[in-house]
Amino acid sequence: ESKAFKFGARTIAYSTVLVILLGVVTYSLAARKEIETTVLRAPGMLYQEPAPGKISNLYNMKLVNKSMKDLPVTVRLLEPSQGEIQVIGSDITVPKESVGESVFFIILDRSVVTSDKVKVKLGIYSGNREIDEVSATFVGPTP
């Protein structure tokens with residue numbers, strides 16, 4: 001003699017917990033960035049003066065591509081706007097599910113460097129789409 005299956009309190013509770021956990025995992029996978037960026041000033045390097053009225057710092061950048069496609073990447077200086085980025089080497093393309101590295105200079109006008117440490121904000125772009133945003137410290141002369 002077989003008994004018919006019925007939903008009891010324990011079955012409903014376990015089912016609810018399972019649905020909540022599946023929702024959290026799905027959200028975590030859908031909401032993650034496709035690229036993770038780390039930008040650090042080159043260790044042991046002081047600022048340089050490449051031209052009159054300009055100050056530069058050397059940076060190392062590490063990019064972790066979490067997507068399933070190769071990403072061509074460009075770096076843009078968002079803040080302060082009175083400066084430029086000079087990438088050393090070729091264009092940056094991060095292979096799918098891999099790590100890419102690059103080295104670049106940030107060159108700022110001397111008038112922008114108002115203290116010995118200035119915060120700079122960088123945008124990481126693939127085409128015209130911003131895929132990450134990072135901050136770094138720019139070291140200059142003590143005013």
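How many bridges join S4 to S6, and in which sense do the two strands run? I looked this up first: six bridges join S4 to S6, and the strands run antiparallel. I take helices (H or I, at least four residues) and strands (E, at least two) as DSSP runs, numbered from the N terminus. Two strands count as paired if DSSP finds at least two bridges between them.

**Basis of the entries**

I note that this is a predicted model, in which local features need pLDDT of at least 70 and side-chain atom pairs count only at pLDDT 80 or more, while totals for chains, interfaces and linings use all residues. Residues are numbered from 1 along each chain as its sequence is written, and side-chain values use heavy atoms, with hydrogens and water left out.

**Entry 1: the sheet with S4 and S6**

I traced an open sheet of four strands in the order S1-S2-S6-S4, with antiparallel pairing. S1 and strand S4 (83–88) stand at the edges with a single partner strand each, so one side of each has no neighbour in the sheet. The twist averages 30° from one strand to the next; for such angles, axes are lines fitted to C-alpha atoms, for helices over the stretch in contact, and the angles run from 0 to 180 degrees between N-to-C directions.

I then went through the pairs. S1 and S2 are antiparallel over seven bridges. Here Arg 41 stands opposite Tyr 59 in S2, and Thr 38 stands opposite Lys 62 in S2. Lys 62 also has a bridge partner in S6, namely Glu 101. S2 and S6 pair in the antiparallel sense over eleven bridges, and Lys 54 has Asp 109 as its bridge partner in S6.

**Entry 2**

I found four strands forming an open sheet in the order S5-S3-S7-S8, with antiparallel pairing. Neighbouring strands are turned by 35° against each other on average, direction ignored. S7 and S8 pair over ten bridges in the antiparallel sense; Lys 119 has Thr 137 in S8 as its bridge partner.

**Entry 3: the nonpolar core**

I searched for nonpolar cores, each a set of buried Ala, Val, Leu, Ile, Met, Phe, Trp, Tyr and Cys residues joined through side-chain atoms within 4.5 Å. Buried means under 20% relative accessible area, exposed over 50%, and partly exposed in between (1.4 Å probe, protein chains only). The largest core holds 25 residues, of which Val 73, Ile 106 and Phe 138 touch the most other members. Elements giving two or more residues to this core include strand S1 (35–41), strand S2 (54–65), strand S3 (71–79) and strand S6 (99–109).

Which residues does Val 73 contact, leaving aside its neighbours within four places in sequence? With contact taken as heavy atoms within 4.5 Å, I listed Ile 35, Leu 63, Ile 92, Val 94, Ile 124, Tyr 125 and Ile 131.

**Entry 4: rings**

I counted ring pairs among Phe, Tyr and Trp (its six-membered ring) with centres within 6.5 Å; planes under 30 degrees apart count as stacked, over 60 as edge-to-face and the rest as tilted. The count comes to one aromatic pair. The rings of Tyr 59 and Phe 104 have centres 5.7 Å apart and planes at 15°, so the pair is stacked. Tyr 59 lies in strand S2 and Phe 104 in strand S6, so the pair ties together parts 45 residues apart in sequence. Both Tyr 59 and Phe 104 are buried.

I also checked charges over rings (NZ of Lys or CZ of Arg within 6 Å of the ring centre and within 35 degrees of the ring normal). The charged end of Arg 76 sits over the ring of Tyr 125, 4.0 Å from its centre.

**Entry 5: single residues**

Is Ser 56 buried or exposed? Ser 56, in strand S2, counts as buried because its relative accessibility is 2%. Not counting residues up to four places away in sequence, Ser 56 touches Tyr 47, Gln 48, Pro 50, Phe 105, Ile 106, Ile 107 and Phe 138.

I placed Ala 30 in helix H1 (residues 9–31); at 66% relative accessibility, Ala 30 counts as exposed. The C-alpha atoms of Ala 30 and Arg 76 are separated by 26 Å.
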